[in-house]
Amino acid sequence: MLGIIFGVASVITMLSIGEGAKREAIAKYQDLGVNNIIIRDKKMTDTELEEVRAKFSQGLSPEDASMIKEIVPGVVRIASQAEISSEAKYSDKSAKSTVIGITPEYTEMLNYKIERGKFIDDNQYKKELKVCVLGAGVAASLFRSEDPIGKMLKIEDQWMEVVGVLKSKALFTETVGELAARDLNMDVYVPLTTFLGRFSHENQLASKIQQITVQVDGSDKLEEASKVINEILKRHHYNNEDYSIVVPYELLQQEEKERQIYNFLLGAIAAISLLVGGIGIMNIMLATVMERTREIGIRRAIGARKSDIMSQFVTEAVAISITGGIIGVLLGVTLSLTVSLFTDITTYIQPYSIFIAFGFSVLVGISFGYLPAKNAANLKPIDSIRYE
Amino acid sequence: MLIEIKNLSKDYVMGEVEVLALKDINLQIRQNEYVAIMGPSGSGKSTFMNILGCLDTPTTGEYLFNGTDVSSLTDDALSAMRNKEIGFIFQNFNLLPRLNALQNVELPLIYSGVKSEERRERALKALGRVGLADRIHHKSSEMSGGQRQRVAIARALVTNPGILLADEPTGALDSKTGDEIMVLFNELHQDGNTIILITHEQEIADHAHRTIFIKDGMIHSDNKNELNHKTPVFIQS
């Protein structure tokens, strides 16, 4: 029975780990946008920057964005953003944050949910108003329980009015391509027009904008679009590779592929465990049948048919495997919860996995109980009764 | 005619030897007869009993039970015959040790498909008939040999079988208990049951009204027991 318990428990635990990883990945890529192509300004040393500028590339610019919008097929919308690291100050508090200048399309493209107030609108963008929207972390650091809406924040030497606060977001725990790990909750959003007018990068040679996000109208368009984008940028940047193109969907696919290998391995381990468990049950049942030869003979003598004997023993085998299955399910669920509590690994128990695992244990009982049961049923009554 | 056996032979192979266990047996047994079958070991009487009890089939010949040719029945049909028409009583009782008396007696009815209420009723009645109404929840290990044999008899009776087939029913009992069991058999015979007794003891065979001697696979003699001291003479109507 141990084999069954272990097999079922491992199926459930592994499935939950796999599902947890999958959901994490999806959530992560959901934020980046599944139909998006993200073009990043490459991080370079000063020397590298000088070189690239000397070779005529201006880095990522609003012109790149407009060319992409015009030429690339399947583009639904495009958003540009510029970034600097800075401190946001409110009365006596300050918070280290990334100030991001964005275009209005931003809201529709990415998964940002507003907690209070409103996001930046077209009007504020057009008029280059000095407004800002805070990430949940910044709002918490600077305002605690106060309502941030309407208050004035100082960024660099500029006073900005808070018009909105975002809901808290899942953190990037690893670097995705060129998208450096960053706590998105510590971002402060301002209109790109305002940004370009009032904030400047530390380094004079830095590119005007740091990221262009391109949304296409279907994941099947991604491959072609990113090829075209690459051509456009290559030309516009005079063959300088000072940008990188990240397609989150491709990364998701990649991870999915890796996960499939993982899942396959898990499946193999679970299958082997269940097999071992099944063989164990079969051996127990074979021994049981031998021990009860006389009993089987007596039952046959008083009128049991072969099928009666078969169902009796198959039922007993299933009873063993179901018991193992139940214990295995309990063990598997406990393990999953323990793993997620005490490690970084997230787990997610899907109800269907419990049914599958349980179903398998029943199947194992029936399959591996069949042979011993058949042996029992085929015993000749006369001989069985005399068996000591 | 309850049992008709015509030209019945049985042979089987044991290792490299072919054993001719029964040779051309012819026999008739009527309803409500009380027959003893005697013979030395190796005479074929056990083989004969197995065939009578539908535990085995003859090689050639016919075995008609109530007109049905048993020799050509399928395995399931034979099981049904054993269930409904044959009441086995063994020398060492052969009760299922993990079941109590009531459950043991109910078992044949379970295989007949009888519903649980009726089952319980009939089992209780059978146990009452053999005098064990106060022991129904006891297991084998909690009963004496005589009591166990009574449970086995109750189990044999519970399906209202055509024959009671008893193989050395007192072989594992002391003489006093053995006598009590034989008294019970007499009562059952008077109730109308057909009893076939297999024994090697003359004393036990004397309880029956007819004795058949088997030797070397053939019927040696087949006589009525006129002088029957242990049983009141039973006049058939």
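Predicted model: local features only at pLDDT ≥ 70, side-chain atom pairs only at ≥ 80, totals over all residues.

Student: What confidence numbers does the predictor give the complex?
Tutor: The ipTM is 0.89 and the pTM is 0.67. For chain B, the mean pLDDT is 89, with 95% of its residues at 70 or more.

Student: OK, switching to sheets. What's the strand order in the four-stranded one?
Tutor: In chain B the order runs β2-β1-β4-β5, as an open sheet with antiparallel pairing.

Student: Why do β2 and β5 of chain B each have a side without a neighbour?
Tutor: β2 (17-29) and β5 (68-69) of chain B are at the edges and have a single partner strand each, so one side of each has no neighbour in the sheet.

Student: How many bridges hold β4 and β5 of chain B together?
Tutor: Two bridges, in the antiparallel sense, with β4(B) covering residues 60-65. If you want a pair to look at, Leu64(B) has Asp69(B) in β5(B) as its bridge partner.

Student: Which strands does helix α1 of chain B touch?
Tutor: Helix α1(B), residues 45-52, packs on that sheet and touches β1 (3-14), β2 and β4 of chain B. Its direction makes about 60° with that of β2(B).

Student: Now the six-stranded sheet. What's the order there, and what kind of pairing?
Tutor: It's β6-β7-β8-β3-β9-β10 in chain B, an open sheet with mixed pairing. β6 (86-89) and β10 (218-224) of chain B are the edge strands, each pairing on one side only. From one strand to the next, the twist averages 20°.

Student: Are β6 and β7 of chain B parallel or antiparallel?
Tutor: Parallel, over four bridges, and β7(B) spans residues 163-167. One of the residues to look at is Ile86(B), whose bridge partner in β7(B) is Ile163(B).

Student: What angle does helix α5 of chain B make with β6(B)?
Tutor: About 170° between their directions. Helix α5(B), residues 145-157, packs on this sheet and touches β6 and β7 of chain B.

Definitions and conventions: Residues numbered from 1 in each chain as written. Chains lettered and ligands numbered in written order. Pairing = 2+ DSSP bridges. Contact = placed C-beta atoms within 7 Å. Axes fitted to C-alpha atoms, helices over the stretch in contact; angles between N-to-C directions. pLDDT = per-residue confidence, 0-100.
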